[in-house]
Amino acid sequence: MTRSTALHTDRYELTMLDAALRDGTADRRCVFEVFGRRLSGGRRFGVVAGTGRLLDAIRDFRFGDEELRFLRDNRIVDAATLTFLADYRFTGSITGYREGEAYFPGSPLLTIEGTFAEAVVLETLALSILNYDSAVATAAARMSVAAGDRPLAEMGSRRAGEESAVAAARAAYIAGFSATSNLEAGHRWGVPTMGTAAHAWTLLHDSEEDAFRSQIEALGTDTTLLVDTYDIEEGVRTAVRVAGTGLGGVRIDSGDLPTVAAEVRALLDDLGATGTRITVTSDLDEYAIAALAASPVDSYGAGTSVVTGSGTPTAGLVFKIVARADADGSWVPVAKASSQKISRGGRKAAFRTLDGGTATSELIVVSDGFEELSTPSAHPDARALQVPLMVAGEPDAAALGPDGVEAARAHHARVREELPVRALALSRSEPAIPTEYQEV
């Protein structure tokens with residue numbers, strides 16, 4: 001049986017529901033929005049990730065006997081609310097940015113429409129998934145930019161929670177990584193997996209040579225040998241002696257990587273192993289990868305930095321009500337006005353304006369009413385950013401599973417091509433394009 005996601009929420013979601021059922025506002029139609037007031041960490045763009053996971057989680061947001069018993073035994077809600085929750089199904093609609101899309105401050109990444117009762121309880125679930133996955137994807141995209149055409153492998157599972165590790169591998173793949181070490185990510189999401197041996201393998205054997213010979217016998221000469229357990233130069237010499245000049249690759253996991261990589265390349269070439277690839281790991285982030293751009297490195301493995309958002313572990317997204325139906329059924333824009341946490345009410349449509357195929361602004365069209373919002377005539381070449389993700393409670397099948405991951409990865413690659421060059425710089429700065437609002 002699929003495990004329920006219903007208790008992946010904060011208590012106040014259900015106490016608000018409980019009170020709304022009491023005072024009669026639970027059935028009011030509402031529009032909620034997920035957006036970020038700013039880009040965390042001084043990033044120049046963000047990357048949407050986690051959408052497919054979220055749609056699965058909403059579909060599994062069901063209160064079974066176990067969940068209801070917990071709520072009843074802990075007196076979290078009253079009997080009427082328990083009855084409501086027993087039959088809970090999200091039947092509303094969700095539109096939003098495609099997974100893999102770039103976003104900027106104010107971008108309406110997700111718009112959830114339904115009754116207050118069925119929509120408000122999704123806040124924590126939506127934010128916990130989108131905030132983490134988007135932070136990882138944004139960091140991964142920066143690393144991918146720094147790596148250029150060289151492949152990147154995600155190998156940070158041991159630096160994250162067991163489920164976060166799977167989510168991180170998925171998000172990194174969407175944002176440009178080519179593989180992961182995490183087998184569950186391969187099984188669940190179709191992310192290509194990779195991996196050979198750790199230092200424990202070498203230390204298990206009586207000698208480095210014995211370890212290398214055993215690995216070659218098991219995996220063939222195209223494998224990658226870890227050469228820095230003892231002495232790197234001796235490790236390279238032993239690797240080529242055991243595998244021959246057709247050795248697939250060597251991995252370096254320590255030392256001054258630009259210097260060591262150059263020395264290893266020279267030694268491999270001197271030994272005749274001119275086709276042997278060099279992979280470097282060792283706490284790489286986007287800055288370390290960029291510093292290796294001129295080095296003779298063929299691929300990278302990143303771990304801790306990518307699964308922790310490279311110092312920015314959350315995207316800083318929020319979930320806010322932006323419109324509600326009044327007692328007479330008319331729509332009313334609503335917004336928080338607190339200092340430093342201002343939000344903008346009204347339903348929104350988002351477009352990316354382009355000049356010769358290059359993004360120039362994030363255009364957000366805001367309506368006080370509920371009429372259809374279309375591209376302003378002043379921007380006929382603008383690209384619409386929102387797509388239907390869930391209709392009448394049914395998720396878009398194209399966004400789910402391994403196929404959804406591949407679609408998101410392909411979309412991200414296309415989106416990155418339209419970003420201006422300044423978006424690809426790694427230094428802290430303002431967003432690469434401005435967010436502009438237009439009232440209709």
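Of which hand is the crossing of H2 and H6? The points below begin with that pair; please note that the model is a predicted one.

1. The crossing of H2 and H6 is right-handed. Helix H2 comprises residues 51-59, and its axis lies 9 Å from that of H6, at an angle of about 160°. Since an angle over 145 degrees counts as roughly antiparallel, H2 is therefore roughly antiparallel to H6.

2. On the H2 side, the contact with H6 involves Thr-51, Arg-53, Leu-54, Ala-57 and Ile-58. Their partners in H6 are Leu-125, Ala-126, Ile-129, Leu-130 and Asp-133. Sorted by class, this contact holds seven nonpolar residues, one polar residue and two charged residues. In an α-helix there are 3.6 residues a turn, so residues three or four places apart point the same way.

3. Seven of the nine residues of H2 are buried, so this helix is largely enclosed by the rest of the structure. The buried residues are Thr-51, Gly-52, Leu-54, Leu-55, Asp-56, Ala-57 and Ile-58.

4. Helix H6 (residues 123-147) has 23 of its 25 residues buried and is therefore also largely enclosed by the rest of the structure. Just after H6, Gly-148 adopts a positive phi of about 65°.

5. A further helix pair is formed by H3 (residues 65-73) and H4 (residues 79-86), whose axes come within 11 Å and cross at roughly 165°. H3 and H4 are therefore roughly antiparallel to each other, and their crossing is right-handed. H3 contributes Leu-68, Leu-71 and Arg-72 to the contact, and H4 contributes Leu-82, Leu-85 and Ala-86. Five of the residues in this contact are nonpolar, none is polar and one is charged.

6. Leu-317 belongs to strand E12 (residues 317-325). With a relative accessible area of 4%, and buried meaning under 20%, Leu-317 is therefore buried. Leaving aside residues up to four places away in sequence, Leu-317 touches Val-34, Phe-35, Gly-36, Tyr-103, Leu-109, Leu-127, Leu-130, Asn-131 and Ser-134. Among these, Leu-130 is also one of the H6 residues that meet H2.

7. Finally, Leu-317 and Ser-299 are 18 residues apart in sequence, and their C-alpha atoms are 32 Å apart in space.

Notes:
Residues are numbered from 1 along each chain as its sequence is written. This is a predicted model: local features need pLDDT of at least 70, side-chain atom pairs count only at pLDDT 80 or more; totals for chains, interfaces and linings use all residues. Side-chain values use heavy atoms; hydrogens and water are left out. Axes are lines fitted to C-alpha atoms, for helices over the stretch in contact, and angles run from 0 to 180 degrees between N-to-C directions. Helices (H or I, at least four residues) and strands (E, at least two) are DSSP runs, numbered from the N terminus. Angles under 35 degrees count as roughly parallel, over 145 as roughly antiparallel, 65 to 115 as roughly perpendicular and the rest as oblique. A crossing is left-handed if the near helix is turned anticlockwise from the far one by less than a right angle, and right-handed if clockwise. Contact means heavy atoms within 4.5 Å. Ala, Val, Leu, Ile, Met, Phe, Trp, Tyr, Cys and Pro count as nonpolar, Asp, Glu, Lys and Arg as charged, and the others, Gly among them, as polar. Buried means under 20% relative accessible area, exposed over 50%, partly exposed in between (1.4 Å probe, protein chains only).
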